[in-house]
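Here are my notes on the model, as numbered points. Please read them with the structure open.

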Amino acid sequence: MARSVRLTYTKRYPPKLLFILLLICVPICMITIYNHGEKVSYFFRPLWDKPPPPFRRVPHFYAENVSMEHLCKLHGWSIRSQPRRVFDGIIFNNELDILEIRWRELDPVVTKFVILESNTTFTGIPKPLYFSLNQARFAFAEKKIVHGVHPGRIASPGTYEDPFALEADQRRTMNGLLIFAGISNDDLLIMSDADEIPSPHTVKLLQWCDGVPPVLHLELRHYMYSFEFPVDYSSWRATMHAYGPGTLYRHSRQTDLIFADAGWHCSFCFRQLQEFVFKMTAYSHADRVKRREYLDPSRIQKIICSGDDLFDMLPEEYTFQDIIKKMGSIPRSASAVHLPKYLIENAGNFSFLLPGGCLRE
């Protein structure tokens with residue numbers, strides 16, 4: 001009996017066609033990677049990066065007109081006979097509006113405002129001493145202010161200065177300025193950037209209670225461009241320390257403990273478009289400015305009002321689910337509840353930070 005044999009043919013593309021496809025695809029891939037390499041990298045971050053260990057969240061109890069003794073007890077702490085002194089230490093660039101809101105808000109609970117500025121940016125660009133030039137604006141806190149100037153390093157044309165190294169230099173200088181300001185053991189020290197603002201009731205609680213962990217990260221509600229665009233509760237770098245011999249001024253992870261809902265972080269919350277341009281070229285992530293048009297004021301204005309990303313980047317997340325969930329514009333909020341008291345009291349002057357005020361000077 002004869003057997004039937006089925007022959008299978010594999011379709012082969014002519015070598016010339018394959019060569020043409022490669023000739024087209026390879027340059028397209030290279031151009032895509034060159035223009036959108038950071039986007040590609042961030043989208044595939046879950047494949048090449050692991051998230052840091054999760055924080056252990058310390059519950060935060062607060063309501064108006066509740067006694068401090070009762071609030072301390074709710075946290076498992078005890079009330080002190082006298083509050084600790086509080087030192088607020090920040091490295092300052094040019095955020096004059098946010099600095100005024102911060103200091104007005106914290107003035108009732110802070111003993112010393114310790115501020116350090118430099119004559120160069122983290123990227124080695126010469127800059128004015130913005131705080132020095134505007135000290136009259138902060139006369140209300142004059143007796144509490146300890147101001148220092150860090151001599152920065154100017155980057156020579158054609159050379160590269162590591163912005164994170166220049167930033168670390170300033171943070172080391174802050175250690176000496178704090179000692180000059182009179183800080184001593186068991187005083188509370190706030191370590192945060194100017195736009196990371198602890199709520200005054202959080203600071204008051206931590207200064208009045210005994211049993212508080214010696215180092216606590218502060219979970220801050222993160223906003224972008226103004227309080228009209230709430231992002232999430234992902235801001236964690238601000239810390240509160242019971243000062244001791246080993247305390248060093250840093251802006252990185254220092255403990256696994258984080259105190260829930262402890263204030264506000266308002267990124268790129270500037271009054272003028274030129275201030276956006278300045279920060280984009282001055283801070284540690286200035287390498288995100290991939291194209292000159294990123295600095296175009298009309299583009300920046302459009303992005304501020306739409307809640308999009310200034311650097312055309314994807315969310316910095318560790319799972320595909322979180323990346324996809326946060327892609328796109330930040331949803332607007334019409335709420336101006338539970339914001340800094342001074343901001344609401346002076347809404348006319350700070351309307352650009354409130355719902356409906358996205359247009360900038």
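Against which elements do the buried residues of α8 pack?

1. The buried residues of α8 pack against α5 (130–133) and α9. Helices here are DSSP runs (H or I) of at least four residues, strands are E runs of at least two, and both are numbered from the N terminus. Contact means heavy atoms within 4.5 Å.

2. This is a predicted model, in which local features need pLDDT of at least 70, side-chain atom pairs count only at pLDDT 80 or more, and totals for chains, interfaces and linings use all residues. Residues are numbered from 1 along each chain as its sequence is written, and side-chain values use heavy atoms, with hydrogens and water left out.

3. Helix α8 is largely enclosed by the rest of the structure, because 8 of its 10 residues are buried. Buried means under 20% relative accessible area, exposed over 50%, and partly exposed in between, with a 1.4 Å probe and protein chains only. The buried set consists of Leu273, Glu275, Phe276, Val277, Phe278, Lys279, Met280 and Ala282. Note that Glu275 and Lys279 are among them.

4. The axes of α8 (residues 273–282) and α9 (residues 297–306) come within 10 Å and cross at roughly 100°. That makes α8 roughly perpendicular to α9, a label given to angles of 65 to 115 degrees. Axes are lines fitted to C-alpha atoms, for helices over the stretch in contact, and angles run from 0 to 180 degrees between N-to-C directions. On the α8 side the contact is made by Leu273, Phe276, Val277 and Met280, and on the α9 side by Pro297, Ile300, Gln301 and Ile304.

5. Two non-glycine residues with positive phi deserve a look. Phe268, at about 55°, is found in the loop between β14 (263–267) and α8, and is buried at 7% relative accessible area. Asn65, at about 65°, is found in the loop between β1 (56–58) and α3 (68–74); this residue is exposed, at 80% relative accessibility.

6. Val40, Phe44, Leu47, Trp48, Phe320, Ile324 and Met327 make a nonpolar surface patch of about 690 Å². Elements giving two or more residues to this patch are α2 (45–48) and α10 (320–326). Trp48, in helix α2, is exposed, with a relative accessible area of 51%. Accessible areas come from the Shrake-Rupley method with a 1.4 Å probe.

Note on methods
Patches are made of residues with over 30% relative accessible area and no salt bridge: like charges are joined within 9 Å, nonpolar side chains (Val, Leu, Ile, Met, Phe, Trp, Tyr) within 5 Å. A salt bridge is a side-chain nitrogen of Lys or Arg within 4 Å of a carboxyl oxygen of Asp or Glu. Angles under 35 degrees count as roughly parallel, over 145 as roughly antiparallel, 65 to 115 as roughly perpendicular and the rest as oblique.
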